[in-house]
Amino acid sequence: MGAIRRPVCASRPHRTLRSHPPQALHSRTRSTEPGENGSISMFVVVMVMALLVAIGLVVDGGRKIRAIETAESIAAHSALVAANELDFSANLLTGARPEIDVPAAVAAGNSEIAASGGVATPGIVVSGYEVCSTVSVTLPTTFLSIIGISSVTGVGEVCNVEPVPGLDAEIP
């Protein structure tokens, strides 16, 4: 293109403006350093991966908390069911406190754990007149499976559970 002339003013010297082709402007904004092409793209990829890991920790961390709460709930209920497996036959005539039927308590508590979807680890333990229950619950992960963590496990333990009179207790 030709030169564009401005009106001549006495206070300014005469100048001509030349238009620059678009590629010349574009080339000025690009880096001329070798090896820097695509560095923003790599930054974005790394940041997106970090964001996905952070989201995965939040979502699957919530699943871990839910697994722990579920395990504690199952443990509490199974310990109460086991503690109420009472043997009235030995003390029926004397009127003394009934004893916990240990084999029946362990069987009832462990079947309650299995029915609720937990895993007995070790399950029901009866010591004297108190019952302990340990349960684990495993839930699959959503985001962390991308990095090889396929599940989270929560463990719940409830101890020192005693029988509650009148709750599922039958007098023969």
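Two strands pair if DSSP finds at least two bridges between them. Strands (E, at least two residues) and helices (H or I, at least four) are DSSP runs, numbered from the N terminus. This is a predicted model: local features need pLDDT of at least 70, side-chain atom pairs count only at pLDDT 80 or more, and totals for chains, interfaces and linings use all residues. Residues are numbered from 1 along each chain as its sequence is written, and side-chain values use heavy atoms, with hydrogens and water left out.

**View 1. An open sheet of three strands, in the order S5-S6-S7.** The pairing is antiparallel. Strands S5 (119-127) and S7 (151-161) are the edge strands, and each pairs on one side only. On average, neighbouring strands are turned by 10° against each other, direction ignored.

**View 2. The S5 and S6 pair.** Seven bridges join S5 to S6 (residues 130-140). The two run antiparallel. Ala120 stands opposite Val135 in S6.

**View 3. Helix H3 (residues 102-115) packs on the sheet.** H3 touches S5 and S6; contact means heavy atoms within 4.5 Å. The direction of H3 makes about 155° with that of S5. Axes are lines fitted to C-alpha atoms, for helices over the stretch in contact, and angles run from 0 to 180 degrees between N-to-C directions.

**View 4. The largest cavity.** About 70 Å³ of space lies inside. A cavity is a set of points on a 1 Å grid over the protein atoms alone where a 1.4 Å probe fits but cannot get out. Met49, Leu52, Val53, Phe143, Leu144, Ile146 and Ile147 line the largest cavity; lining residues have an atom within 4 Å of a point.

Definitions and conventions
On a 1 Å grid over the protein atoms alone, a cavity is a set of points where a 1.4 Å probe fits but cannot get out, and a pocket is an open set with protein on both sides within 12 Å along at least five of seven lines; lining residues have an atom within 4 Å of a point. Grid points are joined across faces, edges and corners, and a volume is the space filled by probe spheres set on the points.
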